[in-house]
Amino acid sequence: MKRICVIGDSHLASLKVAWVSGLAERYPSVNLTFFGAGGNGIGRVVAREGRLVTTEPHVIHSFTITSEVDPPEVVLHHYDAIFVHGLFPMSLAILDLLRIEESSSRTRQHFSSALRNRVISHRLETGLAGHLIRQIRKVSQLPVYFSPHACFCETLLGMVSRHECDAFHRMMGPLELSVLDSIEAELVRTISHNQGFYLAQPRATLTEKCFTRAEYLNGAVRMTSGFSEAQPDDDFTHMNPQYGSQLLEMLFSALG
Amino acid sequence: MENPYLNLPCEAFWKTGVVERESPEIANLWRPKFPLLPTEKISTAGSCFAQHISNALQASGFQWFNGEPPPLGLPAEVQKEFGYGVFSFRTGNIYTAAMLEQWVCWARGVSNPPDEVFTKDGRYYDPFRPAIEPNGFRDKEELFASRATTLRSIIRVIKASDVFVFTFGLTEAWCNKSGGFVYPMCPGTLAGEFDPSEHVFKNYDYSEIYKSMQRVMAISLGLNPSLRFLFTVSPVPLTATASGEHVLTATTYSKSVLRAVAGDLAKADTVDYFPSYEMITAPAFRGRFYEPNLRSVTPEGVSFVMSNFFNCLSTSHPESMAQHATSTPRPVIDSALLAIRAQNDLVCEDVLMEAFARTN
C-alpha cells in the first residue's frame, strides 16, 4: 500500500473528487489523504516535530473537512510521498513574462531566458508552494511531487470584455506551448533543487495557445463547500475531476 | 567709482559666496530654467552617478519614467542585477556623448548596430551593454532580440518624456576602427577580447562631444519637439585612463571638457545644466564628499547634491514642489537620503577597470 498525502489549495478539489468517484477503486494499492486550504491558507502551515500544523482556525477547519483526519495535521511519517498541488498560478506567471510594449502594438517586451528563469524560480520559492516545500524539507526527506494550477481555461477568452479581450489576444494570441515548456523547465530545476519532482500539466488538457481545454472546466466543484457545490459560471481557473483524474494518473505513474 | 561689481549679490564673490559660509550653506548654485511638474515624465540616462538622480526623483514623488520595466514579481536586487530600473532604458551606463549618440541613432534607424557579439564560456555578451545580463545571453538571437527591445524603449522614452536628464561621465572611449562604432567599455575588460588592430582609443574633444549632443538633441526633438534637456557632469573621477596622461590630469581634462560642453549646450532655453559636479568637487567642500578611495561619492555628498537639486527647484519654481509636498510629507532632504539608503551598490561597470591596476 502506497500512502500519499495530497496537500494544496482549492484546486485540490478536482483531485479529491476524481479519487473518491472512481480512481480509488482502480488503484486499491494506493491510499490518498487530502489536506486542502483555500486562498493563502497554506501559508499558515508550519513544520513542527515531524508534522505540518497550523493554528489558523479556518485552515484547521478546511483540513478537517478535506482530510477527515483527527487532529487535522499532516504527520509526515504516516506517508510514503507528498503531492503538493496548486499554490502556483501558472497562467499569471506566463502573463507576467508577456508584456506588450505599447497598448496599440503587438510587440512583446523581450526578456532573456536567464531573466525569465529568475522570475519563475523567485515566484515559486517565495510563493505558497515554496513555503510548503520548505516546511516539509525542514522535517522530512519524503519524496515531494509538485504540480501547479492548471493554465487558465480557454473560456476566459470569451468572458473578458471586448476591449480587454483585444489586449489579451495581442498578448496571448501568438503564445506557443514552447513558452510553457521553458517555464516548466525552470520549475523542474527549482523543484529538483528542493529534492522534489515536477509534474507538468498533461499536454492533452492544453490548447496550442497554453489554455486548458474547455472540456476540463465543466463540472468543477468548490472545495470549501465540501465538494458538493459547483464553481461559479465565471470561474476559469478550477478544473473538474476529469482533469484531476489525469493528473493523479500521472502521479501514480511517476511513483511507479 | 561706479563699476559693474558694486551691486552684485554676495554669492557673486568668492569671499562672501564661498569662504565666509559653512559649506552646507553654500546655496543658489543652480537657478533652474524650467520647473519639473508632478505631471511630467522625467527620464534619465548617463554615467554611474546618474543613478542617484533617478533614485532621488522616484523617492521624492516625481514621475521618473521607466521605459523598459522589468517583469512583474522580480525582486529589486535582481532587477538591478539585470539592469532594470537603473535608467529609463536598459542600456547600462552611458559614459560618453558618443555612446548616447550611437544609441539614439540606432534606435531611430539612422544607422544600424553591428552584428558583433562577445562570447565567453558558451554565453553571448552584448558589446554595447556588456554587463546587462550577468551571465550573458543564451544565444545571438536572444541578445539581438533583447537589444531590439531596448532600442524601441529608447524611442518610447524620448517620445513620452517631458525632460531628459543626461549625466556626462567620460571623454575617453574605445572604438572599432573598421566599423566606426564606440564601445562602452574597452573590449577585453568586462567582456570580449582586445584586438589592437581593431580597437582604438579615443579621447573625445570639445567639438566632437558638442556635435554628438547636438545630434542627439536634434533627433530627440524630431520625435518630441517639446522635450527639454537637463545635463549634469558626474563628479566621479576616472577609474583609469588610456590617454598616456596621469589619471588625475586626465580626469581634469575629461571633466573640464564635459563641463564646458554641458554649459554651452545649456545656453538654449530648453536646455539646463545642473551643477552636481561643482557641488562635490569644488574646493569649498574640501573633498569631504568623497569616500576614502577619493573617487566614490559618499551618501552625504549625494544627499547634498540632491537636496540642493530639490531646494533650488522649489525656490525658482515652487509649482515643481507644491504638489509633491502634499503627497510626500517627508522633507525633501529626507527623501533624498532615503533614496540613497534604500539602494545598495550602484551599477558601475567602469569600476571593474580597477582590477587591471598594477600594485607597483
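Reader: How many helices and strands does chain B have?
Author: In this predicted model, chain B has eleven helices and ten strands.

Reader: And how much of chain B is buried?
Author: Buried residues are 52% of its 360 residues. The accessible surface of chain B is about 16100 Å². Carbon and sulfur atoms hold 54% of that surface.

Reader: What share of chain B contacts join residues at least 24 apart?
Author: It is 72%, counted among contacts between residues at least 6 apart in sequence.

Reader: Switch to chain A. What is chain A built from?
Author: Nine helices and eight strands. Its radius of gyration is 18 Å, close to the 18 Å from the globule rule for 256 residues, so chain A is as compact as a globular protein of that length.

Reader: What box do the C-alpha atoms of chain A fill?
Author: Roughly 55 × 35 × 35 Å, along the principal axes. Of the 256 residues in chain A, 55% are buried.

Reader: How many charged side chains, positive and negative, in chain A?
Author: There are 23 positive and 26 negative ones. The centres of the two sets lie 6 Å apart.

Reader: Which three residues of chain B supply more of its buried area than any other three?
Author: Pro71(B), Leu72(B) and Arg156(B). They supply 27% of the area that chain B buries against chain A.

Reader: Backbone next. Where is there a cis peptide bond?
Author: Between Asp70(A) and Pro71(A), with omega about -5°. Pro71(A) sits in the loop between α2 (57-67) and β5 (74-75) of chain A. Most peptide bonds are trans.

Reader: Which residue of chain A other than glycine has a positive phi?
Author: Glu49(A) does, with phi near 50°. Glu49(A) is in the loop between β3 (45-48) and β4 (51-54) of chain A.

Reader: Is Glu49(A) buried or exposed?
Author: Exposed, because its relative accessibility is 74% and the cut-off for exposed is over 50%.

Reader: And in chain B, which residue has a positive phi without being a glycine?
Author: Asp121(B), at about 50°. Asp121(B) lies in the loop between β3 (118-120) and β4 (123-125) of chain B. At 72% relative accessibility, Asp121(B) also counts as exposed.

Definitions and conventions: Residues are numbered from 1 along each chain as its sequence is written. Chains are lettered from A and ligands numbered from 1 in the order in which they are written. This is a predicted model: local features need pLDDT of at least 70, side-chain atom pairs count only at pLDDT 80 or more; totals for chains, interfaces and linings use all residues. Side-chain values use heavy atoms; hydrogens and water are left out. Helices (H or I, at least four residues) and strands (E, at least two) are DSSP runs, numbered from the N terminus. The radius of gyration is taken over C-alpha atoms; the globule rule is 2.2 Å times the number of residues to the power 0.38. Buried means under 20% relative accessible area, exposed over 50%, partly exposed in between (1.4 Å probe, protein chains only). Lys and Arg count as positive and Asp and Glu as negative; His and the chain ends are not counted. The place of a charge is taken as NZ of Lys, CZ of Arg, CG of Asp or CD of Glu. Contact means heavy atoms within 4.5 Å. Accessible areas come from the Shrake-Rupley method with a 1.4 Å probe; for residues, only the protein chains shown count as cover. Buried area is the accessible area (1.4 Å probe) that two parts lose on being put together, summed over both.
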